Amino acid sequence: MEQLDPRDLYAISDLLSEEERMARDTTARFVDERALPLIADAFEEARFPAELVPEMAELGLLGSYFEGYGCAGMSGTAYGVICQELERGDSGLRSFVSVQTSLVMYPIYTFGSDEQKERWLPDLAAGKAIGCFGLTEPHGGSDPSNMKTVAKKKGGDWVLNGAKMWITNGSIADVAVVWARTEEGVRGFLVEKGMKGFDAPEVHHKMSLRASVTSALYFDDVIVPEANVLPGVKSLRGPLSCLTQARYGITWGAIGAAIACYDEAREYVKDRELFGRTLDHSQLVQARLAEMGRRITAAQLMSWRLGQLKDHGKLHPTQVSLAKWNNVRMALDVAREARDILGGSGITVEYSPIRHALNLESVITYEGTESVHQLAVGREITGISAF
Ligand SMILES: Cc1cc2nc3c(=O)[nH]c(=O)nc-3n(C[C@H](O)[C@H](O)[C@H](O)COP(=O)(O)OP(=O)(O)OC[C@H]3O[C@@H](n4cnc5c(N)ncnc54)[C@H](O)[C@@H]3O)c2cc1C
């Protein structure tokens, strides 16, 4: 009988279109050849490898699922496999592409004016401009309805005051999509680098997502012209719809991080000789690898199905919550298991599991913590909001 591919036990690859397989393989090659050789050092140095941005843009990885504006117009499933391969490299790379695509380009594409789209989307797709998304505030990200950042109308402009916290790409962004409370409801503001009263200092001393920029955003009477306000939405539905898109990509990305750790564990046990035999002969080790394979396969099936729903315009936020919860928990557990199977070697960045495990501590918290997604699924099942 034919030997199964340990990374693809249910042959999900066969369910992908030719274009989706090509997107996956091109991204995989970029990650293997360009990202993996530098990512461990970048992580240790707490440095985002910005030199990779033009190449990611060249490959069509920024805004891959939009039509026009220099975007590749690929399927939602292609975006998924791109996220998977990027996060096989590092969660920081996938976070960059998630934010640029789903948290910055998506709201401009969906809720922006024609002028805003023309002004920003081609540059964001080409990597000539970088964006960030400001929703979380210092007093508690899980409850965005308790938003304190406010914008007040003054003549033809708006005056913005408040603070955002834990913002990916904040200090390197040319444009920040900032969500603020107004008398008309929650609105999205395109705050540009250099606007008076706007500051974006970087957060240092992170032990997770070290190859990614995380920042605070401060707004002190920032004057934002009406032309920079997204006209298409006036409620929390705006930012929440962006998060659904980004979380969908995270469900795939987590699979990539898990596969990197699973690959490394499978290789390691082939050579590590203990008690007169290599570790792969141990029943306990085989059970642990089998458990990884089982959980990765279940996650692959969930994300593939979500891709189908997204491509048919039927994606439900609670379905995304279920998979974000399942897949990130799976990846974190797989990374910790792989770290342990590697013994002492597993604590160095020479091997990827400790880096992935540390990164996944952020991934399980951002874009809705595990508890928040459990509560979302619980609400769907019972009809009762227990937040
Ligand atoms: C590296 C990184 C990058 C990020 N990037 C961005 C970004 O680009 N843009 C952005 O807007 N945000 C970003 N975030 C913020 C992220 O989304 C928030 O950290 C997250 O939503 C949690 O908010 P919090 O940190 O304030 O924790 P809190 O909301 O204070 O939660 C603390 C704890 O309470 C639990 N909890 C909350 N509510 C309940 C409840 N009802 N019942 C039981 N338990 C509950 C949570 O699960 C958690 O364990 C980023 C975060 C990190 C770490």
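Trainee: How do the residues of the lining of the largest cavity divide into nonpolar, polar and charged?

Mentor: The model is a predicted one. In it, the largest cavity is lined by residues that include Leu-135, Glu-137, His-139 and Met-147. Sorted by type, the lining residues come to 3 nonpolar, 5 polar and 2 charged.

Trainee: What volume does the largest cavity have?

Mentor: A search of the whole structure for cavities of 30 Å³ or more gives 1. Among the residues around the largest cavity are Gly-140, Gly-141 and Asp-143. The volume of this cavity is about 60 Å³.

Trainee: Which residues are the closest to the centre of the largest pocket?

Mentor: The largest pocket has a volume of about 1,200 Å³. Its lining counts 41 residues, and those closest to the centre are Gly-141, Arg-247, Tyr-366, Glu-367 and Gly-368.

Trainee: How many residues in the lining of the largest pocket are charged?

Mentor: Elements that each give at least two residues to this lining are α4, β3 (157–168), α6, α8 and α10. By type, the lining holds 17 nonpolar residues and 18 polar ones, and the number of charged residues is 6.

Trainee: Which element gives the largest share of the lining of the second largest pocket?

Mentor: The second largest pocket holds about 330 Å³ of space. Of its 16 lining residues, Arg-7, Asp-8, Arg-24, Gln-84 and Glu-85 are the closest to its centre. Helices α1 (18–45), α3 and α6 each supply at least two residues. The largest share, 4 residues, comes from α3.

Trainee: Which element gives the most residues to the largest nonpolar core?

Mentor: The largest nonpolar core has 41 residues, and Ile-108, Leu-124 and Trp-179 have the most contacts inside it. Elements supplying at least two residues each include α4 (91–111), α5 (114–125), β4 (175–182) and α7 (283–311). With 7 residues, the one that gives the most is α4.

Trainee: Why does His-356 count as buried?

Mentor: His-356 sits in helix α9 (residues 353–363). Beyond its neighbours within four places in sequence, His-356 has contacts that include Glu-87, Arg-88, Asp-90 and Cys-261. Buried means under 20% relative accessible area. His-356 counts as buried because its relative accessibility is 0%.

Trainee: What do the buried residues of α10 pack against?

Mentor: Helix α10 (residues 370–382) has 13 residues. Its buried residues are Glu-370, Val-372, His-373, Ala-376 and Val-377. These buried residues pack against α6 and α8.

Trainee: How far does α10 reach from its first C-alpha to its last?

Mentor: For its 13 residues, at 1.5 Å a residue, 18 Å is expected. The reach in the model is close to that expected span, at 18 Å.

Trainee: Which residue takes a positive phi just after α10?

Mentor: Helix α10 covers residues 370–382. Just after the helix, a positive phi of about 80° is taken by Gly-383.

Terms used
Residues are numbered from 1 along each chain as its sequence is written. This is a predicted model: local features need pLDDT of at least 70, side-chain atom pairs count only at pLDDT 80 or more; totals for chains, interfaces and linings use all residues. Side-chain values use heavy atoms; hydrogens and water are left out. A nonpolar core is a set of buried Ala, Val, Leu, Ile, Met, Phe, Trp, Tyr and Cys residues joined through side-chain atoms within 4.5 Å. Buried means under 20% relative accessible area, exposed over 50%, partly exposed in between (1.4 Å probe, protein chains only). The expected span of a helix is 1.5 Å times one less than its number of residues. Contact means heavy atoms within 4.5 Å. On a 1 Å grid over the protein atoms alone, a cavity is a set of points where a 1.4 Å probe fits but cannot get out, and a pocket is an open set with protein on both sides within 12 Å along at least five of seven lines; lining residues have an atom within 4 Å of a point. Grid points are joined across faces, edges and corners, and a volume is the space filled by probe spheres set on the points. Ala, Val, Leu, Ile, Met, Phe, Trp, Tyr, Cys and Pro count as nonpolar, Asp, Glu, Lys and Arg as charged, and the others, Gly among them, as polar.
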